[in-house]
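Here is a guided walk through a protein structure.

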Amino acid sequence: EKLDNPLDFTCANATAIAKGALLKMTTPRTAIISSGANDQIAGIAAREKIVSDGRTQIAVYRRGVFNMYASGAISAGQPVCSAGVSNMVKYLATGTTSLSGAQVIGHALQDISDAASGQIYVCVGGA
């Protein structure tokens, strides 16, 4: 799939981040592993970050098509947000929450069963 150019975010030298990990945004322009529900999302790690490798920057994709795991069933076209489990997304139920901005990761391109992998169009900040 065609991906936008990644943006650089700061990361801690002592942190390990897998390529493809869902990352939470903290300030100032810092990315950490997302493990909370409805996190403010930085994007998807474009490369692996090894613990204590001396690097304090990580490239982050904010737009593209990625295979992601679902926490709960997600139907094609539904918007998604972080699920509270590392590297999982959930359906962003309309009317039940007021999530906006970087909490909206994108939307499902196919039906995805609970705990299964499926294609998500990631467009941080807009579904």
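Two strands pair if DSSP finds at least two bridges between them. Strands (E, at least two residues) are DSSP runs, numbered from the N terminus. This is a predicted model, in which local features need pLDDT of at least 70, side-chain atom pairs count only at pLDDT 80 or more, and totals for chains, interfaces and linings use all residues. Residues are numbered from 1 along each chain as its sequence is written, and side-chain values use heavy atoms, with hydrogens and water left out.

Start with strand β7, residues 79–82. Strand β9, residues 106–108, pairs with β7 in the antiparallel sense over two bridges. Val80 stands opposite Gly106 in β9. Pro79 faces His107 there.

β7 also pairs with β8 (residues 88–91), again antiparallel, over three bridges. Cys81 has Lys90 as its bridge partner in β8. The hairpin of β7 and β8 has five residues between the strands, and Gly84 takes a positive phi near 95° in this hairpin.

Now step back. Five strands close into a barrel in the order β6-β8-β7-β9-β10, with mixed pairing.

Next come the nonpolar cores. Such a core is a set of buried Ala, Val, Leu, Ile, Met, Phe, Trp, Tyr and Cys residues joined through side-chain atoms within 4.5 Å; buried means under 20% relative accessible area (1.4 Å probe, protein chains only). The largest has 19 residues, and Met68, Val89, Ile120 and Val122 have the most contacts inside it. β4, β5, β6 and β10 each give two or more residues to this core. Its largest share, three residues, comes from β6. Apart from it lies another core of 10 residues, including Cys11 and Val60.

Technical notes:
Buried < 20%, exposed > 50% of the residue type's maximum accessible area, 1.4 Å probe, protein only. Helix = DSSP H or I, 4+ residues; strand = E, 2+ residues; numbered from the N terminus.
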